[in-house]
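Look at the chain below before reading on. The report moves from the whole fold to single residues.

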Amino acid sequence: NPEQGAMDYEGVKIQLVEIPAVFDGFYNSEKGPSLFAIMRESDLIVVILDGLENPLIQLKLIEHELRKGGIILDGMPKPGVYPKKCVVVVNKKFSYVNTIHKICSLEDFKQTVWDKLELVYVQTKMPGKKADWPPVCLKKGSTVKDLAERVHKDFLEKFKYARIWGPSVKHNATSVGLEHVLDSKDVVEVHLK
């Protein structure tokens with residue numbers, strides 16, 4: 001059965017669902033359809049290979065079974081119905097696998113997953129107060145407007161300006177408008193009319 005868990009990345013909780021090991025005939029197995037439904041709804045598929053066995057053979061088997069269910073991992077030829085971002089993790093003993101997919105070790109897992117999901121996290125704060133925790137997670141390229149819509153509808157309707165501390169501005173406490181693009185580790189203080 002699938003097992004659910006969560007990974008903490010800088011205060012952002014990322015849901016993980018572990019699927020049982022893929023085998024030859026997995027797609028047509030009794031639980032295949034329900035497990036494929038989970039994979040089709042995911043934002044990222046992490047393929048875990050045993051570095052002590054032949055990882056390339058394992059990867060080819062997994063790609064073949066996923067393709068039967070219409071799932072194509074990024075970079076693979078002949079796009080399927082469900083193209084998915086993919087990270088390959090080699091555990092037990094790290095060994096290089098000649099593949100088009102992004103490969104990482106267990107030590108790099110969190111950062112690689114975060115980067116592949118293409119997300120940013122920002123903290124909001126009220127004037128004169130400390131930054132709120134946990135941070136808000138947004139898609140890379142999101143603006144102050146996207147954040148305002150996400151936090152509270154009044155923020156957008158009554159928006160005057162925002163002050164930013166962090167990597168998206170040249171100087172801390174810079175005043176910006178709704179179209180300012182946010183970056184991870186930004187702290188955003190929204191001022192209302």
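What follows is a short report on this predicted model.

## Overall form

The protein chain carries 5 helices and 11 strands. Its radius of gyration is 21 Å, whereas a compact globule of 193 residues would have a value near 16 Å. Along the principal axes, the C-alpha atoms fill a box of roughly 60 × 30 × 30 Å.

How much of the chain is buried? Buried residues account for 42% of the 193 residues. Take the contacts between residues at least 6 apart in sequence: 52% of them join residues at least 24 apart.

## Surface and charge

The accessible surface of the protein chain is about 11600 Å². Carbon and sulfur atoms contribute 52% of that area.

The side chains include 28 positive and 26 negative ones. The centres of these two sets are 5 Å apart.

## Helix α1

Helix α1 covers residues 32-41. Its buried residues are G32, L35, F36 and M39.

What do the buried residues of α1 pack against? Their partners are β3 (44-50), α2 (55-68), β4 (71-73) and β5 (82-91).

## Helix α3

Helix α3 spans residues 109-117. Buried here are F109, T112, V113, W114 and L117. D115 also sits in helix α3, but D115 is partly exposed, with a relative accessible area of 44%. D115 and K140 are 25 residues apart in sequence, and their C-alpha atoms are 9.8 Å apart in space.

Just after α3 comes E118, with a positive phi of about 55°.

## Backbone exceptions

Most residues other than glycine have a negative phi, and most peptide bonds are trans.

E10 lies in the loop between β1 (3-9) and β2 (12-18). Is E10 buried or partly exposed? Its relative accessible area is 43%, so E10 is partly exposed. Leaving aside residues up to four places away in sequence, E10 touches Y121, W133 and P135. L49 is 39 residues from E10 along the chain, and the two C-alpha atoms are separated by 26 Å.

A173 is another non-glycine residue with a positive phi, near 70°. A173 is found in the loop between β9 (159-165) and β10 (174-176). With 30% relative accessibility, A173 counts as partly exposed.

## The loop between β7 and β8

Which peptide bond is cis? The bond from W133 to P134 is, with omega near 5°. P134 belongs to the loop between β7 (119-125) and β8 (136-139).

K130 is exposed, with a relative accessible area of 75%. G128 is likewise exposed, at 81% relative accessibility. The cut-off explains both labels: exposed means over 50% relative accessible area.

Where do these two residues stand relative to other parts of the chain? K130 and W165 are 35 residues apart along the chain, with their C-alpha atoms separated by 12 Å. G128 and T143 are 15 residues apart along the chain, and their C-alpha atoms are separated by 23 Å.

Methods
Residues are numbered from 1 along each chain as its sequence is written. This is a predicted model: local features need pLDDT of at least 70, side-chain atom pairs count only at pLDDT 80 or more; totals for chains, interfaces and linings use all residues. Side-chain values use heavy atoms; hydrogens and water are left out. Helices (H or I, at least four residues) and strands (E, at least two) are DSSP runs, numbered from the N terminus. The radius of gyration is taken over C-alpha atoms; the globule rule is 2.2 Å times the number of residues to the power 0.38. Buried means under 20% relative accessible area, exposed over 50%, partly exposed in between (1.4 Å probe, protein chains only). Contact means heavy atoms within 4.5 Å. Accessible areas come from the Shrake-Rupley method with a 1.4 Å probe; for residues, only the protein chains shown count as cover. Lys and Arg count as positive and Asp and Glu as negative; His and the chain ends are not counted. The place of a charge is taken as NZ of Lys, CZ of Arg, CG of Asp or CD of Glu.
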